[in-house]
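Thanks, everyone. Please bring up the sequence and the model, and let's walk through them.

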Amino acid sequence: MDYLSEMALFVEVANAMSFSKAAAKLAMPQSTLSRRISALEQALGVPLFHRTTRKIELTESGHRYLQRAVPLVEEARLIHAELHGQYALPGGVLRLSLPVDFAYAFLAPLLPQFAAQFPDIELEMDVTPRRVDLITEPFDLVVRAGELPDSGLIAHLLMHAPRQLYAAPDYLKAQGAPQSPAELAAHRCLRFQGVNAWRLFAGEATAEVAVSGGYRANSIGLLQRLAVQGMGIALLPEIGVREDVAAARLQRILPDWQAAAVPVYALTASRLLPAKIRCFIDFLKAHAPQ
């Protein structure tokens, strides 16, 4: 049995969760596909699918097999593409999972330039805070911010995003601008959920200030909008506030102080990357804040 070929057929069925849809995509009879998957199950000695007249579902063994099979099949596909001269040509559909704030504040303004530079790459973007599974879901690349758990994925560092303190001019006119980190404790601070203190740096000096206020959120973008509305002081990534600062909707305060920069990574399932993924990663790195 050609295990790699049968493994590739299994991945197609698992992705489609349908023998008929997978057979149509593979341009082969459904009966042939079903027979080959059954032969694979017999060779492995475990069932990979629960089959009913209405649907199929992966068994526990099927889930485990899929997690190991997807990277192997993808590696084989990329090697074949490289040998046929297609690997170096950036084109095709690039499926991305992106954090909401990153997509709106950083990526969206760059897309016209990306489209002009790589006209043969189509972007299919899923903008979501949820943690997608690169192994079992149809994504080529995931962008995530912050320190990463050990997942076995390949992490490509895109940038370190500086974070600084901002408030609306109206808020500062009404409440006064803090002159030191300690004075933040007396202000309304717009905080990310679960954060009760800000740790700030100014050269070698550090300050950790307990902060409070009536508003917390799990979205940097929402905290920024609240800051623009004069609801308080926010600790925000510099890359997302440029337009508001230029338009005088936000003003940086305590300019000598900032928080630790947040690392932003592109995650891939393999180190062997087709040109469309490599070009996208390199493009983001080239436009990252220095």
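One definition before we start: buried means under 20% relative accessible area, exposed means over 50%, and partly exposed is in between, with a 1.4 Å probe and protein chains only. Now the ground rules. This is a predicted model, so local features need pLDDT of at least 70, side-chain atom pairs count only at pLDDT 80 or more, and totals for chains, interfaces and linings use all residues. Residues are numbered from 1 along each chain as its sequence is written, and side-chain values use heavy atoms, with hydrogens and water left out.

Salt bridges first. The criterion is a side-chain nitrogen of Lys or Arg within 4 Å of a carboxyl oxygen of Asp or Glu. In general, side chains of opposite charge can pair when their charged atoms come close. How many salt bridges does a search of the whole structure find? The count is nine.

Start with Glu 6 and Arg 36. Their side chains meet in a salt bridge, at 2.5 Å from N to O. This pair links distant parts of the chain: Glu 6 is in helix H1 (residues 3-16), Arg 36 is in helix H3, and they are 30 residues apart. A word on those labels: helices (H or I, at least four residues) and strands (E, at least two) are DSSP runs, numbered from the N terminus. Is Glu 6 buried or exposed? Glu 6 is buried, because its relative accessibility is 7%. Arg 36 has 29%, so it counts as partly exposed.

Next pair, Lys 55 and Glu 57. They form a salt bridge, and the closest N and O atoms are 3.1 Å apart. Glu 57 is partly exposed at 37% relative accessibility. Lys 55 is partly exposed as well, with a relative accessible area of 49%.

Arg 225 lies in helix H8 (residues 220-228) and Asp 244 in helix H9, so the pair ties together parts that are 19 residues apart in sequence. Arg 225 is partly exposed, at 40%. Asp 244 is buried, at 4%. There is also a network: salt bridges link Arg 225, Asp 244 and Arg 249.

On to the pocket. The working definition uses a 1 Å grid over the protein atoms alone. A cavity is a set of points where a 1.4 Å probe fits but cannot get out; a pocket is an open set with protein on both sides within 12 Å along at least five of seven lines; and lining residues have an atom within 4 Å of a point. Grid points are joined across faces, edges and corners, and a volume is the space filled by probe spheres set on the points.

The largest pocket has a volume of about 1,400 Å³. It is lined by 45 residues, and the closest to its centre are Asp 101, Phe 102, Ile 220, Gly 221 and Pro 237. Which helix gives the most to the lining? Helix H5 (residues 100-107) does, with six residues. By class, the lining has 26 nonpolar, eight polar and eleven charged residues.

Now the backbone. Most residues other than glycine have a negative phi. Ala 27 has a positive phi, about 55°. It sits in the loop between helix H2 (19-26) and H3. Ala 27 is exposed, at 72% relative accessible area. Ala 248 also has a positive phi, about 65°. Its loop runs between helix H9 (242-246) and strand S12 (251-252).

Last, some C-alpha separations. Leu 153 lies in the loop between strand S5 (141-145) and strand S6 (154-167). Leu 153 and Leu 267 are 114 residues apart along the chain, yet their C-alpha atoms are separated by 6.3 Å. Gln 229 is in the loop between H8 and strand S11 (233-237), and it is exposed at 59%.

Technical notes:
Ala, Val, Leu, Ile, Met, Phe, Trp, Tyr, Cys and Pro count as nonpolar, Asp, Glu, Lys and Arg as charged, and the others, Gly among them, as polar.
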